[in-house]
Amino acid sequence: MTDTSEQLYGRRVPLVQAPAKLTGQTAVVQVGRRWRCQRCHQLVGENDRLPQNVPYCRHCLNLGRLTTLTKLYTIPEPNRFRTVTDSPLTWAGQLSPRQAAAAEQVLARLKTRTSQLLWAVTGAGKTEIVYPGLAWALQQGWRVAWTSPRVDVCLELAPRLAAAFTGIPQAVLYGGQPVPYAYRQLTICTTHQLLRFDQAFDLIIVDEVDAFPLATSPLLQGALRRAQKKTGCHLYLTATPGEDLQRQIRRRRLAVTYLPLRYHGYLLPPLTVKIAWRWPDRLATGRLPRGLVRQLRAYRRRGQRFLLFVPHVADIAPVLRALARLGMTRGVGVHAADPQRTAKVQQMRDGAVDFLVTTTILERGVTFPNVMVAILGGDDPVFSTAALVQIAGRVGRHRDFPRGDVVSYCQSQTRTVRRAQRMIRQLNRRGRRLGGRA
């Protein structure tokens with residue numbers, strides 16, 4: 001077995017020099033009058049041509065350019081992982097009774113290779129609930145991918161899984177990763193990275209399945225299907241499933257495990273709305289809404305850390321300048337295209353900064369032990385109902401700090417905002433029936 005061979009197990013990879021006796025497949029093939037990429041299976045645009053009129057695929061260009069002159073090489077997944085008798089789970093924590101019951105349901109369905117959804121409120125401990133099922137799958141020698149549309153989720157998840165399964169080597173894949181790809185039993189990756197895989201995984205765990213861009217991307221949804229073995233199954237994780245998933249549940253096409261209560265037994269913080277009329281005009285003159293100023297000054301007095309969500313990247317710099325005029329300088333702005341994005345989020349985790357001004361990239365999948373949340377422009381269309389609920393879920397995630405503020409400053413209380421408030425109230429009603437505390 002060569003290193004090159006391992007690179008190709010269950011993957012489709014362009015190579016300059018392929019192993020002997022291995023035949024490649026043309027990467028972009030003609031289909032009627034059009035051309036189709038064999039990595040992402042999307043049709044090539046009519047104007048997507050290199051010099052000499054060579055078609056290339058723009059859709060998966062960030063993974064490396066494929067043309068009609070490129071060859072893709074693959075070796076069918078051999079599953080070079082053995083069955084073991086001892087559980088690989090080294091996590092020393094303990095599930096609550098409700099978490100344990102949910103974990104049992106997830107495990108039982110995995111044993112029958114049934115695809116399923118774990119629908120659990122933000123802060124319910126979805127990752128830990130999956131541990132027993134994941135341990136069983138690894139014990140059987142299954143190859144597993146844990147994937148998310150958000151790189152921040154993957155980067156937070158990787159050290160947690162490394163600590164919980166210390167004997168299982170893992171690969172962590174995302175755009176710009178510093179460590180080269182390696183063939184591993186457990187792969188943690190962004191959903192874009194699955195475009196490189198072909199019938200590789202016995203189990204794919206999809207974290208935050210309703211998050212952008214996966215929820216609306218046929219390209220990424222196709223990548224999920226192709227990366228899973230025909231005999232494999234998948235486990236979706238989310239607190240806010242979209243209408244399509246809910247429809248599958250109603251029609252009994254998708255099994256579901258539901259947990260409406262956070263792991264520490266407290267309810268979700270309610271979403272409070274305050275009207276901030278014409279706040280963009282005020283921001284253009286270097287000022288923030290008065291209510292927001294009072295809220296953040298109170299946080300500074302008592303040393304409370306916070307996240308301030310804004311609708312657009314262009315809002316970050318003026319908000320930071322306005323905060324600096326108020327004497328709040330121990331914070332940074334972060335957004336999806338920020339080259340220092342990972343480092344800044346880590347600064348917040350380490351306590352090196354007191355606040356982040358952020359776009360929706362931090363709406364989910366990241367945990368800070370004790371933060372409050374303010375949303376400037378929560379009525380902007382960029383904040384969906386699911387996004388607002390997920391943002392509310394950043395508060396109160398730690399058992400020592402189970403309560404907190406979630407305040408949205410809006411020019412008007414839109415239907416989306418009201419739906420988010422209603423969804424939180426509905427989740428909390430279900431949680432109260434299980435003994436949840438406010």
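Analyst: A salt bridge is a side-chain nitrogen of Lys or Arg within 4 Å of a carboxyl oxygen of Asp or Glu. This is a predicted model, in which local features need pLDDT of at least 70, side-chain atom pairs count only at pLDDT 80 or more, and totals for chains, interfaces and linings use all residues. Residues are numbered from 1 along each chain as its sequence is written, and side-chain values use heavy atoms, with hydrogens and water left out.

User: Which residue meets K229 in a salt bridge?

Analyst: K229 is in strand β13 (residues 228–238), and its partner is in strand β12, 27 residues apart in the chain. Helices (H or I, at least four residues) and strands (E, at least two) are DSSP runs, numbered from the N terminus. The N to O distance is 3.2 Å, and the partner is D202.

User: Are K229 and D202 buried or exposed?

Analyst: Buried means under 20% relative accessible area, exposed means over 50%, and partly exposed is in between (1.4 Å probe, protein chains only). Both K229 and D202 are buried.

User: How far apart are the closest N and O atoms of E128 and R160?

Analyst: E128 sits in helix α3 (residues 126–139) and R160 in helix α4 (residues 151–164), 32 residues apart. E128 has 17% relative accessibility, so E128 counts as buried. R160 has 30%, so R160 counts as partly exposed. The two form a salt bridge, with the closest N and O atoms apart by 2.7 Å.

User: How many residues apart in sequence are the parts that D198 and R12 tie together?

Analyst: D198 and R12 form a salt bridge, with their closest N and O atoms 3.4 Å apart. D198 lies in the loop between β11 (186–190) and β12, and R12 in the loop between α1 (3–8) and β1 (13–14), so the pair ties together parts whose separation in residues is 186.

User: How many salt bridges does the structure hold?

Analyst: Side chains of opposite charge can pair when their charged atoms come close. One network of salt bridges links R150, E208, D210, E363 and R364. For the structure, the number of salt bridges is 16.

User: Which residues does S408 contact, leaving aside neighbours within four places in sequence?

Analyst: S408 lies in strand β20 (residues 406–410). Its relative accessibility is 1%, so S408 counts as buried. Contact means heavy atoms within 4.5 Å. With neighbours within four places in sequence left aside, the contacts of S408 are L271, T272, V273, K274, I375 and G378.

User: What is the phi of R252, and where does R252 lie?

Analyst: R252 is in the loop between α6 (243–250) and β14 (255–259). Its relative accessible area is 79%, so R252 is exposed. R252 is not a glycine, yet its phi is positive, at about 60 degrees.

User: What is the phi of H41?

Analyst: H41 lies in the loop between β4 (34–37) and β5 (49–50). Its relative accessible area is 26%, so H41 is partly exposed. H41 is a residue other than glycine with a positive phi, near 65 degrees.

User: Is the peptide bond from F212 to P213 cis or trans?

Analyst: P213 lies in the loop between β12 (201–207) and α5 (218–227). Omega of the bond from F212 to P213 is near 5 degrees, and the bond is cis.
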